[in-house]
Amino acid sequence: MRYRVALFTAVIALVMVATPSLRAAEKVWSGLVMAENAEKPHAAPARLGRIEKTLIELFGYNQFEVIGESNKTLKTGDEDWLASSKYFSLHVDAKGVTTGGYELNLKLFKDKQLLLETETKLSKQSPIVIKGPQIGGGQLLLVLIVDGDEWNSTQESQARHPHSDYESNQLMNAWRHLTRFVRNAWP
Amino acid sequence: MKTFEEKWTAWLDGQLAGRELIEFEASLPDRAAAEAEKRDAKKLGALLKRELGTEALRNEEFFSHQLRERIARESATQDRHRTTTWWTVPRMVWAGATSLALFVLFSVLVVRDRNPAEQSQYLSQILQARVDPVVSPDATITMFESKESRVTVLWTEGLQTLPADYAAK
């Protein structure tokens, strides 16, 4: 009986340890977005659909247009890439994988002039939005989203159960802590 | 010196032996009648022993004895039943200790997660940011998180304003 319990525990622990390594490579979408107010605003690009409401509330614009973008697949977490428009370019340099995301160095250039530099930890469940310079009557925004299952499932879950967010977070956190604990305890 | 009656009683009981037995049997006037009487006495003795013994078992001591035996039997049966159940005391202790340990573990993990001082690792973070002070000398930077939509925002103010042409793709 004890041997069976020990075997069962070992199998569960093995699955928990092995699961992250089986995860597919993830894509990071980085975009240069022009936010403007239009009389007849057109729909936001699909990439921004899930955060459009937040962008409207935060920045006060009703139309968002992608003027430059990059969709980079991260395999090692050490890649770097560029999302460019005619005048601007966002250079993203991945510095490695952290628990739940990536460490990124971001540089916004206007032509070859560095306007803004930042060090970030981009979570798989949480996009980053950077307010750039004012351009005409609009605003340049830099948006980074990990295009993975976790972000999608989080957003879908939130759309289905808007009030159950806190409870599910607690359970998910507890589960992640447990899996991390087992993973760390594994020799 | 034993009397005849004493010797007779001892002979009936088979207590005489050796020379005394030989002398006594030789002194018997009718040996066959004596032997028959001895057999009858033995039968009577056996009968009395049997009957008196049965009588003894019918009194209250007998019932008390039977009752004690029955109680002992039933107690033994109950003890056997008790040892065959899965929930033995050591197992219950182990199960209780394991449940308590799991409860404490989960409580600690969940409570630690509620600590507002610790930034959630499931939200993106801005570790540091700077703007070019030559191009935008009055620029300021603020960081915050929109917890509702899980968006982390780097908010800049005072960056160089550019003409609309720069919005070109």
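Predicted model: local features only at pLDDT ≥ 70, side-chain atom pairs only at ≥ 80, totals over all residues.

Biologist: How far apart in space are B:Gly14 and B:Lys38?

Modeller: Their C-alpha atoms are 9.4 Å apart, although 24 residues separate B:Gly14 from B:Lys38 in sequence.

Biologist: Which pattern does chain B follow along its sequence?

Modeller: Chain B has five helices and three strands, and read along the sequence they follow the pattern α-α-α-α-α-β-β-β. Of its 169 residues, 9% count as buried, and among the contacts in chain B between residues at least 6 apart in sequence, 30% join residues at least 24 apart.

Biologist: And what are the corresponding values for chain A?

Modeller: Chain A has four helices and eight strands, arranged along the sequence as α-β-α-β-β-β-β-β-β-β-α-α. Buried residues make up 30% of the 187 residues in chain A, while 49% of its contacts between residues at least 6 apart in sequence join residues at least 24 apart.

Biologist: How do I read a nonpolar core, and which residues touch the most other members of the largest one?

Modeller: The general idea is that in soluble globular proteins, nonpolar side chains tend to be buried together. Here the largest nonpolar core has 42 residues, of which A:Leu32, A:Val33, A:Leu90, A:Val129, A:Leu141 and A:Val143 touch the most other members. The largest share of this core, seven residues, comes from E8(A). As an example of the contacts, A:Leu141 touches A:Val33, A:Ala35, A:Val129, A:Ile130, A:Lys131 and A:Gly132, leaving aside residues up to four places away in sequence.

Biologist: Now to the sheets: in what order do the strands of the six-stranded sheet stand?

Modeller: To read a sheet, one follows the order of its strands and then the sense of each pairing. The six strands form an open sheet in the order E2(A)-E1(A)-E8(A)-E7(A)-E3(B)-E2(B), with mixed pairing. Strand E2 (63-74) of chain A and strand E2 (140-146) of chain B stand at the edges, each with a single partner strand, so one side of each has no neighbour in the sheet. From one strand to the next, the twist averages 20°.

Biologist: In which sense do E7(A) and E3(B) pair, parallel or antiparallel?

Modeller: Strand E7 (residues 128-135) of chain A pairs with E3(B) in the parallel sense, over three bridges, and A:Ile128 stands opposite B:Thr152 in E3(B). E7(A) is also joined by six bridges to strand E8 (residues 138-147) of chain A, and these two run antiparallel; there A:Ile135 stands opposite A:Gly138 in E8(A).

Biologist: And which strands form the five-stranded sheet?

Modeller: That open sheet has the order E3(A)-E4(A)-E5(A)-E6(A)-E1(B), and its pairing is antiparallel. At its edges stand strand E3 (80-84) of chain A and E1 of chain B, each with a single partner strand, so one side of each is left without a neighbour in the sheet. Neighbouring strands here are turned by 15° against each other on average, direction ignored. E3(A) and strand E4 (residues 88-98) of chain A run antiparallel and are joined by five bridges, with A:Ala83 opposite A:Leu90 in E4(A).

Biologist: How many residues does each chain give to the contact between them?

Modeller: Chain B gives 36 residues and chain A gives 42 residues. On the side of chain B that touches chain A, the elements giving two or more residues are helix H5 (89-113), strand E1 (125-131) and strand E3 (151-157) of chain B. E1(B) provides the largest share of that side, seven residues. By class, that side of chain B has 21 nonpolar, ten polar and five charged residues.

Methods:
Residues numbered from 1 in each chain as written. Chains lettered and ligands numbered in written order. Contact = placed C-beta atoms within 7 Å. Nonpolar A, V, L, I, M, F, W, Y, C, P; charged D, E, K, R; others polar. Pairing = 2+ DSSP bridges. Axes fitted to C-alpha atoms, helices over the stretch in contact; angles between N-to-C directions. Buried ≥ 20, exposed ≤ 12 C-beta atoms within 10 Å, placed from the backbone. Core = buried A, V, L, I, M, F, W, Y, C linked by C-beta atoms within 7 Å.
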